[in-house]
Amino acid sequence: MNSEQQSTPGDFPKTLPWPARAGGAPHVPGGPTEIIGNLKALLENVAGNSGYDRSFTWPGADTPTELRKVLHLMGTCGLLVREGRPTRLRLTEAARHFLATSDELYLIGVLHANVRFIGEALAAVGEGTTHVELNRVAVEQYGLGWGSLDQVRRRVYWLRAAGLVEFWSNGRIVLTERGRQFLPLLEPAKPEDLPHRRRIRVTDLELPEPPALLAAGLESLDQTALRERKIPTGYVAGGWRVEGISRLMNAAVPEIDREGFTDFCVEEFGVAESSAEQTLQTLRALGFLTQVGSDAFAVSDLGASCLASGEALDFIRLLHMKVALVGETLDTITDEVKSAGLVDLLACRYPGAQLTREETTRRVALLLETGLAERIGLVIRRTELGTALVRTLPLLNPSDDIDPTGEAVGDHPGPPQAAESVANVPNWRELLAAEIVRAATDSADYQRFERAVAGAFRALGLEAEAHGGSKKTDVVIDLWRSPTDRLRVAVEAKTDGEGLVTDQDVKFLRLGEHRARHGAQRTLLVGPRFDARVQREAAEGGVALLTAEQLADAVLRHGRTPLAPHEISGLVTVTDASGLEPAWQAAERRQDVLSQVLLALWRSGNDPADIEHNAGALGVRDIWRETKGALDTPLERQEIEEALEFMASPFVAAVAQHHGDHVITAPPALVAARLRALAAVIDAAGGSGTAAEGTVTDPPEPSPQPDPGPAPRERRAAAVAVAEGVDPRLVRKWAKNQGRVISERGRLSSGLIKDYWRAHEPRGE
C-alpha cells in the first residue's frame, strides 16, 4: 500500500447490482504477501501486449501458462476486458488507475464493485470468525451455493493482502484497525434486500400487452398445437439471445436476398457462410422470416409485430408459440431449481420432449436474459416478471407426450432419438429418488429410509450392507477407489416427520462407536435436513452430512453422467455434498464438448459449400467458430483437441486427418452405436465382478412411477424393491426355486417383488 494514497467512496467504481456481480473471486497464485504483486505483473503484461492467444509466466514460476487459462481464473472482476475479433485484451480504467497508484484499498473497492461477497465478507468478520463460519454466512444469508471453502479463502486472501484482516494461529480471521476504518467506505449488500430473500409479489405487476396478431396466435394454442411445436431450436448466428435474433430480423426489413443475409451474418457475427445459411433456415422454420421472392426474404408479420413493439417479452411469447417447452420451462422454475436438475424435472413433467442439456440451457439463457428468471449461486429461480408472464401463457399439460414433427429446418441430419429413451419409459432411478425423499420423513417406518439409502448407494456403484439393530449402524458402504485404496463408511439414516434432524435426534458419541464396531474409516449421516447445531457438531467431529434431496439428486445425475469412484467418494466424506458439483459440471462439460465437436464435423461433412471448399474438413479454429454460440462458455482449444483425439482412436474411428484438418468418418448414429457396443462388451467382461446388484451397470426392473403423496401399499413394495437394488434375474430364480410359475420376460408384479423382499429382509447379525 502506498501510504500517500487515501481511498474515499467516490474513488471506487459504482457497485454493480448483486445479480450482475460475479460469483467467483479472481485467483492469482501466491500467498497474501504475493498476490497483489503478481496481479500487477499480469496487468502490466497485458498493457504491453493485448494479444489473447499467447502464454504468460507468473513471477517466480518456472513454466508459462496459457493466458486464456489465467483469464478464466481471474473471472469478471472489473480489471480486464475482452473485445474484437480476433480477441484482444485491454485494461479497464479501474485497472489503469490501480497500476498508476498501487492503491491496495482501491483494488478492494474495485473487486467489491464487481464480485459478490467481498465487502460483505469484510463486514461479516465482526469480532472474529473462521473460514467455515464465513462460508456459512455466504450460503445462508447471501444465497451463494458454495460447497467448499475455496471461494471464501480467495476472498480472505485479498483482504489479508490489503491489510484489512489477519489470520491468527487459532484459525480465526480478525479485523485489523485498517479494516475497521475502511469498512464504512464500502456499501455491502443487505441480505434482506437480495433476490433470494424477497417474496414473489405479482398482484401489482402489469405486463405489456402483446400485439394483436401475437395475442391471437397465443389464444389459438390448444393442446394439439402445443404438442406440435418444434423441439430442436436449430442454429442461430450469435447464439440464442433476444438481442441477436432481433438484429437478424432487422436485417430483413423491408427484405434481403440470400447473399445479403449471408454477408450480414459473416460481418456481424464472424460465422462461416454455411452457418449463415443454417441461421436463415432456422429463422424461417420458426416463423421469424418468410420467403417473399425467388431468393428474397423478409420479416414475417408476427416477427414484424415483435420488432414494432420493442418488448423482449414479445419475442419470448413468439418463441413459446413456435418452440416446445419455452413457457413450460419457466413454469417448472418455481422457487429455486438447481441448474443441473432442470433437465430431469422437465423430463418427468413432459416425458415426450427429450430436451438435451444444450436445448434446456438455450431456453434458460433466454429467460435469464429477459429478466424472467435469475441465477442465485447454483440455483435458478423465477422472478416476479416471470411469474406474471407464465400465468398468461397457454401451457402444455404435464405428462402429455410431445410428438415432434421432425428436425428443425436448417439442421443437418444428426443422431436419431433412441427408440427407448429414458424419458419415455418408467425410470427406476426416478422411482428410487422419489422413494428416498419420501422415506426420509416417514418416521413411522424408519427401516423404509434405511432400505432406500442402501439402494441409493448401490445405484451409485458402491457395495452396501444393510444392518440396523442395537449397537449397529444402519448401512455400511464399501467404496473401491483404486487397487490399493478402499473406503469403508458407516452410514446412519435419520428420519423426521417435520423434515429436520436436530441435535436431540443424533448421539455423536454413539456414531463413533458404530464406526469402530464395523471397522469403518468415516461416518456419514443421512437425513431430510439438519439444523445448525447438528451441522456444527458434525463439522467438529468429522462426520459427513448428506440430505435426502442431495442423495436423490446424486442417484439421478449419476445415471446420466456417471462419476469415477474417487469423485463419488466426495459425496460420503464432506459436510456439504454440493462440493461434488464441480466434478459433475466437468463431466457434463466433457459430454457437451464431444457432442458439439461431433455435430460440427457432421454438419460440415454434409454442407455442399464446405465439401467443395475443403472436402468437409474442419480445423480446431473452424470448430471453435462453429460452436461458440451453442454453449454459455465457448469451447477451449484443449477441449476440442481432446474430443478429436478421443474420436480418432481406433476404438471409435469417428474422425480422420485430412491435410492437417479433421473430417468425420461415420454418421453420429453409427458413432453412438459403436460406443454402445463397447459399453456392452465392458459390461459383459465385468459381469462376474463384485459390483453390488442394482448398480449403474445392472439396474433393477423399471417400476411404475409413484403417485403423489403417500404411496399405495403395493406401489411402496415396488419402491422398496428398487431401493434394495433387486435384480429381476434373481427374483425369477428365487421364484422358480419356490415352485412358482413365472414368465422369462416382461415386468415382474409388485406382489412377487414384495414376497421376494420379505424372504430376503435383513434380520441383523
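**Patches, helices and salt bridges**

Student: Which helix is leucine 678 found in?

Tutor: Heads-up: this is a predicted model, where local features need pLDDT of at least 70 and side-chain atom pairs count only at pLDDT 80 or more, while totals for chains, interfaces and linings use all residues. Side-chain values use heavy atoms, without hydrogens or water, and residues are numbered from 1 along each chain as its sequence is written. Helices (H or I, at least four residues) and strands (E, at least two) are DSSP runs, numbered from the N terminus. By that scheme, the residues 668-685 that hold leucine 678 are helix H30.

Student: Is leucine 678 buried, partly exposed or exposed?

Tutor: Buried means under 20% relative accessible area and exposed means over 50%, with partly exposed in between (1.4 Å probe, protein chains only). Leucine 678 has a relative accessible area of 31%, so we call it partly exposed.

Student: Which helix gives the largest share of the negative patch?

Tutor: The patch is built from Glu255, Asp257, Glu259, Asp263, Glu267 and Glu273. One of them, aspartate 263, is partly exposed because its relative accessibility is 36%. The largest share, three residues, comes from residues 258-269, which is helix H12.

Student: How many of the 11 residues of helix H15 are buried?

Tutor: The buried ones include Leu313, Phe315, Ile316 and Met321, and also Asp314 and Arg317. Helix H15 (residues 312-322) is largely enclosed by the rest of the structure, because its buried count is nine.

Student: What is the distance between the closest N and O atoms of aspartate 314 and arginine 317?

Tutor: Both sit in helix H15, three residues apart, about one turn of the helix. Aspartate 314 counts as buried because its relative accessibility is 1%, and arginine 317 is buried too because it has 4%. They form a salt bridge (a side-chain nitrogen of Lys or Arg within 4 Å of a carboxyl oxygen of Asp or Glu), with those closest atoms apart by 2.7 Å.

Student: Which strand holds aspartate 478, a salt-bridge partner of arginine 488?

Tutor: The aspartate 478 and arginine 488 side chains meet at 2.7 Å, N to O. The pair links distant parts of the chain, 10 residues apart, with arginine 488 in strand E15 and aspartate 478 in strand E14.

Student: How far apart are the closest N and O atoms of arginine 488 and glutamate 465?

Tutor: Arginine 488 is buried, and so is aspartate 478. Glutamate 465 is partly exposed, because its relative accessibility is 33%. Arginine 488 and glutamate 465 form a salt bridge too, with the closest N and O atoms apart by 3.8 Å.

Student: Which residues does asparagine 135 contact, leaving aside neighbours within four places in sequence?

Tutor: Asparagine 135 lies in helix H6 (residues 131-140). It is buried, because its relative accessible area is 10%. Contact means heavy atoms within 4.5 Å, and the partners are Trp146, Ser148, Leu149 and Val152.

Student: What percentage of the chain's residues count as buried?

Tutor: The chain has 33 helices and 19 strands. Of its 765 residues, the buried share is 49%.

How values were computed:
Patches are made of residues with over 30% relative accessible area and no salt bridge: like charges are joined within 9 Å, nonpolar side chains (Val, Leu, Ile, Met, Phe, Trp, Tyr) within 5 Å. Accessible areas come from the Shrake-Rupley method with a 1.4 Å probe; for residues, only the protein chains shown count as cover. Lys and Arg count as positive and Asp and Glu as negative; His and the chain ends are not counted. The place of a charge is taken as NZ of Lys, CZ of Arg, CG of Asp or CD of Glu.
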